[in-house]
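Dear colleague,

Please find the structure below, handed over for your review. My notes on its helix packing follow.

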Amino acid sequence: MTTATDDRAIPVSVLDLAWITEGGDAARALRSTLDLARHVERLGYRRIWLAEHHNMAGIASAATSVVIGHVAGGTSRIRVGAGGVMLSNHAPLAIAEQFGTLESLYPGRIDLGLGRAPGSDYAAIRALRRGRIDDSDDAFPRELEELRSYFRPVEPGQALRAVPGAGLDVPIWLLGSSLFSAQLAAALGLPFAFASHFAPRLLFAALEVYRSTFRPSSVLARPYAMVAANVIVADTDAEARRLFTSVQQRFLSMVRGIPGGPLPAPVANIDELWAPHERAQAEQMLACSAVGSPATVHADLTEIIARTAADELIVTSAIFDHAARLHSFDLLADMRDILRFEADSAACPR
């Protein structure tokens, strides 16, 4: 690996879920999230995003805009945003006001990634939406257009406005794990991020739809696709695979219908915990992963970048031990021939 940034290198960002580990609590998770953000800012990662999930004992980022404010207030340069906010859970005006407030406090550093999945179970959906459940195909596009309207400059006689929000440039990304958001992002000329870190099945189909049907807009002249991957780097392949068993155990729980628990400690032999069919299902969901020594991860990421032609990579690293997690991002930052680490890049959407 070279030490100078290659022209082919793409920006790399971080997706964090404020993991609550076994034996830990939300306060510790949020402290670790801020410490991680400061660490990756020093290393030159492009952005750090937080994800909205509800009724999950292992994730502390349910109040996503609050956590974004916590992280942005504790850092100085790195972009901070939502990866994402589940718009169907919220009134568009409320999101416009929240992110207008964040942009006012931390100008030029806030991203708003939006998804249409609930990010929760049905009981939480009912509690969040108070019976306002609309799963029709046009609900999300309508809510998205309403949200975008609140960021436009106020017109004479306009009765309803977002304060703060109106007239502010808050970059909007569409997130997804299917073709729907890819098609919508292409139609609107918005940047698109695919959740291949847990649902890679339609990754290539979604990228093809997005790129082939993209319409240039005032936001983007050409498509901009971000690809998500699980990345765990350690000094040896064996140690990385051991650390990865924490993620594998969580996905095993999902396969068994009991998702959302605290992030478990790694185990010596994951094969003692799952049956062959459970392993197959978990490995399918975790197919977009790079786990191993620096050489192994470099090779895996090189292949992912080449196959997807990603414009940006966003990595999630659910590692039980916080120090090991920081070390993983240190080792990843050495891969400057394929990954770009710099405070700003004209090639990236804001």
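In this predicted model, the axes of helix α6 (residues 179–188) and helix α7 (residues 203–212) come within 8 Å and cross at roughly 15 degrees. α6 is therefore roughly parallel to α7, the term applying to angles under 35 degrees. The axes are lines fitted to C-alpha atoms, for helices over the stretch in contact, and angles run from 0 to 180 degrees between N-to-C directions. Helices are DSSP runs (H or I, at least four residues), numbered from the N terminus.

The crossing of α6 and α7 is right-handed, in that the near helix is turned clockwise from the far one by less than a right angle. On the α6 side, Leu179, Ala182, Gln183, Ala185 and Ala186 are in contact with Ala205, Ala206, Val209 and Tyr210 of α7; contact means heavy atoms within 4.5 Å. Eight of the residues in this contact are nonpolar, one is polar and none is charged. Here Ala, Val, Leu, Ile, Met, Phe, Trp, Tyr, Cys and Pro count as nonpolar, Asp, Glu, Lys and Arg as charged, and the others, Gly among them, as polar.

Turning to helix α9 (residues 276–285), its buried residues are Glu278, Ala282 and Met285; buried denotes under 20% relative accessible area, exposed over 50% and partly exposed in between (1.4 Å probe, protein chains only). Seen down the axis of α9, these buried residues fall within an arc of 60 degrees, so they line one face of the helix. The arc is that of the directions from the helix axis to the C-beta atoms. Pro276 and His277, on the other side of α9, are exposed.

The cover over the buried residues of α9 includes α8 (237–255). The axes of α8 and α9 come within 9 Å and cross at roughly 115 degrees. α8 is therefore roughly perpendicular to α9, a term for angles of 65 to 115 degrees. The crossing of α8 and α9 is right-handed. Phe251, Leu252, Met254 and Val255 in α8 meet Glu278, Gln281, Ala282 and Met285 in α9. This contact of α8 with α9 comprises six nonpolar, one polar and one charged residues.

Finally, Ala299 lies in helix α10 (residues 294–308) and is partly exposed, with a relative accessible area of 43%.

Residues are numbered from 1 along each chain as its sequence is written, and side-chain values use heavy atoms, with hydrogens and water left out. Local features need pLDDT of at least 70, side-chain atom pairs count only at pLDDT 80 or more, and totals for chains, interfaces and linings use all residues.

Yours sincerely

Definitions and conventions. Helix = DSSP H or I, 4+ residues; strand = E, 2+ residues; numbered from the N terminus. Parallel < 35°, antiparallel > 145°, perpendicular 65-115°, else oblique.
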